[in-house]
Protein chains: 2
Amino acid sequence: MESSIQDNIRAQMRKGLVEYCILSMLARKESYASEIIEELKKADMIVVEGTLYPLLIRAKNQGLLSYRWQESPQGPPRKYYFITEEGRKVLSCMDGIWTGIINSVDMIRKGE
Amino acid sequence: MESSIQDNIRAQMRKGLVEYCILSMLARKESYASEIIEELKKADMIVVEGTLYPLLIRAKNQGLLSYRWQESPQGPPRKYYFITEEGRKVLSCMDGIWTGIINSVDMIRKGE
DNA sequence: ATAATTACCTTGTATTACAAGATATTTCAA
DNA sequence: TTGAAATATCTTGTAATACAAGGTAATTAT
């Protein structure tokens, strides 16, 4: 099965933004994987489990996120992730990087 | 040697944008690899040869770019790449995707 | 000749996101 | 009390990207 060029481009462009988006979300309120996926879907930023779980583990190992267990009204307990102080510093830095990227692309698109 | 978390994030965020930027540049005027790298550098979008050459070849194989040889005032001949009609269609599509990504990130960043 | 400059290209590696599937806990109905 | 449904977490294997590092080749100047 072959994917279209456009699908491929959409996929490529999103790369690396996922971490920024997830840190952003968790900076406002703690959340668990299934809920994070639902909320990203609302903003058309589709992410699947196989992407999210390794990312959360990486961010936790870097000290950007931490988590606590909490019982669920139904099913197994939820792993609520929340942002750390270190994570907030990195997020603030990412804001600047993101703004810079938008400016760079804008310059290139419009012809410096 | 270990790179900082921030360097890593900067690198990740840029992924996939390079193709968009290069198609954009070539949509205004044809150019060759060394010049493309120089111009991207001006916009703080650093790209190296090992990234650019495979990308140009991929885009050519997809029919988005084509090229012609031209003698250089000094050194070996230059391979001038230019965008095709198909490339312009895809570029127009990428504009929309890029705008959509900016909107998505903005929604997520600001809390939908 | 040969060194310098300019240019093109390749190989191997780290990282990322995804597809697909495995595992575990709770509730509810038969 | 057994089993299905729902909700969760997590792992493995694969494809793709960007980069570091190095290789090849043509022209000009010394």
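# Helix packing and selected residues in a predicted model

Leaving aside residues up to four places away in sequence, Glu39(B) touches Glu112(A), Met25(B) and Lys29(B), where a contact means heavy atoms within 4.5 Å. The model is a predicted one, in which local features need pLDDT of at least 70 and side-chain atom pairs count only at pLDDT 80 or more, while totals for chains, interfaces and linings use all residues. Residues are numbered from 1 along each chain as its sequence is written, chains are lettered from A and ligands numbered from 1 in the order in which they are written, and side-chain values use heavy atoms, with hydrogens and water left out.

Glu39(B) itself belongs to helix α3 of chain B; helices (H or I, at least four residues) and strands (E, at least two) are DSSP runs, numbered from the N terminus. With a relative accessible area of 15%, Glu39(B) is buried, on a scale where buried means under 20% relative accessible area, exposed over 50% and partly exposed in between, for a 1.4 Å probe and protein chains only.

Among contacts in chain A between residues at least 6 apart in sequence, 45% join residues at least 24 apart. The chain exposes about 6300 Å², of which carbon and sulfur atoms supply 50%; accessible areas come from the Shrake-Rupley method with a 1.4 Å probe, and for residues only the protein chains shown count as cover.

How do the helices of chain A pack? Two packed helices are described by the angle between their axes and the distance between the axes. Helix α2 (residues 17-28) of chain A packs with α3(A) at an angle of about 110°, their axes being 11 Å apart; here the axes are lines fitted to C-alpha atoms, for helices over the stretch in contact, and angles run from 0 to 180 degrees between N-to-C directions. That angle makes α2(A) roughly perpendicular to α3(A), given that angles under 35 degrees count as roughly parallel, over 145 as roughly antiparallel, 65 to 115 as roughly perpendicular and the rest as oblique. On the α2(A) side, Cys21(A), Ile22(A), Met25(A) and Leu26(A) meet Ile36(A), Glu39(A) and Leu40(A) of α3(A). By class, this contact has six nonpolar, no polar and one charged residues, where Ala, Val, Leu, Ile, Met, Phe, Trp, Tyr, Cys and Pro count as nonpolar, Asp, Glu, Lys and Arg as charged, and the others, Gly among them, as polar.

Helix α3(A) also packs with α4(A), at an angle of about 120° and with the axes 11 Å apart, and the two are therefore oblique to each other. Their crossing is right-handed; a crossing is left-handed if the near helix is turned anticlockwise from the far one by less than a right angle, and right-handed if clockwise. Ala33(A), Ile36(A) and Ile37(A) of α3(A) make this contact with Glu49(A), Leu52(A), Tyr53(A) and Leu56(A) of α4(A).

In chain B, the axes of helix α3 (residues 33-42) and helix α4 (residues 49-61) come within 11 Å and cross at roughly 120°, which makes α3(B) oblique to α4(B). This crossing is right-handed, and the contact is made by Ala33(B), Ile36(B) and Ile37(B) of α3(B) together with Glu49(B), Leu52(B), Tyr53(B) and Leu56(B) of α4(B). These residues divide into six nonpolar, no polar and one charged.

Asp44(A) lies in the loop between α3 (33-42) and α4 (49-61) of chain A, and its phi is near 60°, a positive value in a residue other than glycine. At 62% relative accessibility, Asp44(A) counts as exposed. In chain B, Asp44(B) is found in the loop between α3 and α4, has a positive phi of about 60° although it is not a glycine, and is exposed, with a relative accessible area of 64%.

Two buried residues complete the tour. Trp98(A), in helix α5 (residues 85-110) of chain A, counts as buried at 6% relative accessibility. Ile83(B), in strand β2 (residues 78-83) of chain B, counts as buried at 9% relative accessibility. Not counting residues up to four places away in sequence, Ile83(B) touches Leu23(B), Leu26(B), Ala27(B), Leu64(B), Leu65(B), Arg88(B) and Leu91(B).
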